[in-house]
Amino acid sequence: MNIISIVNGKINKLDLNSELEFDEKNICINTISNSKLYLEIIGDENVKINILVKNDTTLKIFNYSKLEHCSLDFNIVQNENSKLTMNCMFNSNDSKINSLVNLNGKNSIIEYNSSCLGETKKKLRINHNYSNTNSIVKSYAVSDNENINFDIEEFVPKNSVNCNLSQASKIITIKDNKCMIKPILLIDEKDVNASHSSVISPISESDLLYIRSRGIKLEDAKKLLINGFLIGNLSLNEDEKNILLEKDIFRR
Amino acid sequence: MLKIKKLNVSIEDKEILKNFNLNINEGEVHVIMGPNGVGKSTLSKVLIGDKNYKINDGKISYYNEDLLKLEVDERSRKGIFVAYQLPSEIEGVNNIDFLKSAIKARSDKQINLFKFANDIEKLSKDLKLKENMLYRNINAGFSGGEKKKNEILQMRLLKPKLVILDEIDSGLDVDSLRIVCDNVLEYIKENPKTSLIIITHYPRILEYIKPDYVHIMKNGCIVKTGDYSLALEIEKEGFEKISTNIIKENI
Ligand SMILES: Nc1ncnc2c1ncn2[C@@H]1O[C@H](COP(=O)(O)OP(=O)(O)O)[C@@H](O)[C@H]1O
Ligand SMILES: [Mg+2]
């Protein structure tokens, strides 16, 4: 697998094969052929990452970010018949995560799954600039004592026909706090399929009870449920899951 | 091992259990029968410590300890196990991680992963559960029967002293019922001091697991106690007949 690790705004580790083209100065990642990338971003410096998924290529990104009072920007462009899958775990302390996606070619697909923990403002904008473009966005978060804001906006201009948009957002709150989900669908074309769901709810008491009734202590039961919610809802393989479990994200 | 005395329980200001009494000794099999809504599942929830059910009065002692003072997870670690009538489906948490945590919670020592894997494999074979179920989310997308088998797998793994089977037989086909009962019997054979409360509507399960006592519940408490033959009588006559007899007896 390809690896890019950025710590405090600087490249810390780089291990890339010929599937990807990388411009270190501007942090630009371009696909040459189908590839997988582990992207790790840690620290308190603002980081901007540019991604181009070229015609007829797929890119699967598994991202772990631990952000302290900073912003992380993704600027993503996808060409015809491209597919980008993002599985992101954002461990954020008062940080902003902005993603701009331009689907600039027919049949381009983005699948954007993310899980957030901690004070976060997350903004995502997807522009369906061409026909037959698809987006599947799943945004999850757990708020212990922090405020979490999701702003998920998608735009379909006139003449971008037969686009599919699907958004699902869910935030679990542990204590009373202010969380907000804003799903915005700006659609200027009739021939489109769009759906969205937004849920903000406390941790399930009946789930907790079931787990505790097998002898697992309250704190461990919560941890199991929260890790399960955050990690289990990303589409990761066992190795990738273990990378996150080792980070022990819940005990921050 | 278990003494329930004058227990009064309500939920949302509705009294469910009224003056409920029951004593159970080690190694005994008790059956509780009764019409829908009489409070059978309430009893199992109260025994495990579900805080939604309010205890207004009464005492439960378990091995001479005040059970009502213990938290849910403590009760489990001290050997109480409920196989739920409707087990929860939990998204995101896979069965194996859950079972591992449950085993870990019972010991200060590091869990022996090799033994754990062997135990789990053997138990799922005994229960004829597909092995991939262990790696799926807890009960997510399981059929009714698979959920019940998963409860029994947990029972055998966690080795409880007091087992409450809440309608374990509902939603099971004949073959699955036999498998579940064989597993319960195997467990009791290995752990003969285990006490069992079987909550059921049908005497069919009792053809496999022979009860020491059969109790009939009505209006929030036990109104009649007998042996296996009482269960057969209920099947033939229904609860209504039995209750009229009792009213006459009381007069
Ligand atoms: N969580 C609950 N909230 C409100 N009412 C409940 C709840 N659980 C049980 N009840 C009510 O309590 C009564 C007893 O229920 P239950 O113990 O499940 O009966 P059984 O298992 O004997 O069929 C029923 O009338 C039921 O509607
Ligand atoms: Mg019931």
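**Salt bridges and cores: a quick chat**

Q: Hi! How many salt bridges turn up over all chains?
A: A search of the whole structure, which is a predicted model, finds 21 salt bridges.

Q: What's the N to O distance between B:Arg77 and B:Asp73?
A: Their side chains meet at 3.1 Å, N to O. The two residues sit four apart in helix α2 (residues 72–77) of chain B, so about one helical turn separates them.

Q: And is B:Asp73 buried or exposed?
A: B:Asp73 counts as buried because its relative accessibility is 5%, under the 20% cut-off.

Q: Where do B:Lys125 and B:Glu121 lie?
A: Both are in helix α4 (residues 113–126) of chain B, four residues apart, or about one turn of the helix. B:Lys125 is exposed at 59% relative accessible area, while B:Glu121 is partly exposed at 33%.

Q: Switching topic: which residues touch the most other members in the largest nonpolar core?
A: Those are B:Leu2 and B:Phe20, in a core of 103 residues.

Q: What does B:Leu2 touch?
A: Leaving out residues up to four places away in sequence, B:Leu2 has contacts including B:Leu22, B:Ile24, B:Leu47 and B:Ile197. Apart from this core lies another, of 39 residues, among them A:Leu59 and A:Met86.

Technical notes: Residues numbered from 1 in each chain as written. Chains lettered and ligands numbered in written order. Predicted model: local features only at pLDDT ≥ 70, side-chain atom pairs only at ≥ 80, totals over all residues. Heavy atoms only, no water. Core = buried A, V, L, I, M, F, W, Y, C linked by side-chain atoms within 4.5 Å. Buried < 20%, exposed > 50% of the residue type's maximum accessible area, 1.4 Å probe, protein only. Contact = heavy atoms within 4.5 Å. Salt bridge = Lys/Arg side-chain N within 4 Å of Asp/Glu carboxyl O.
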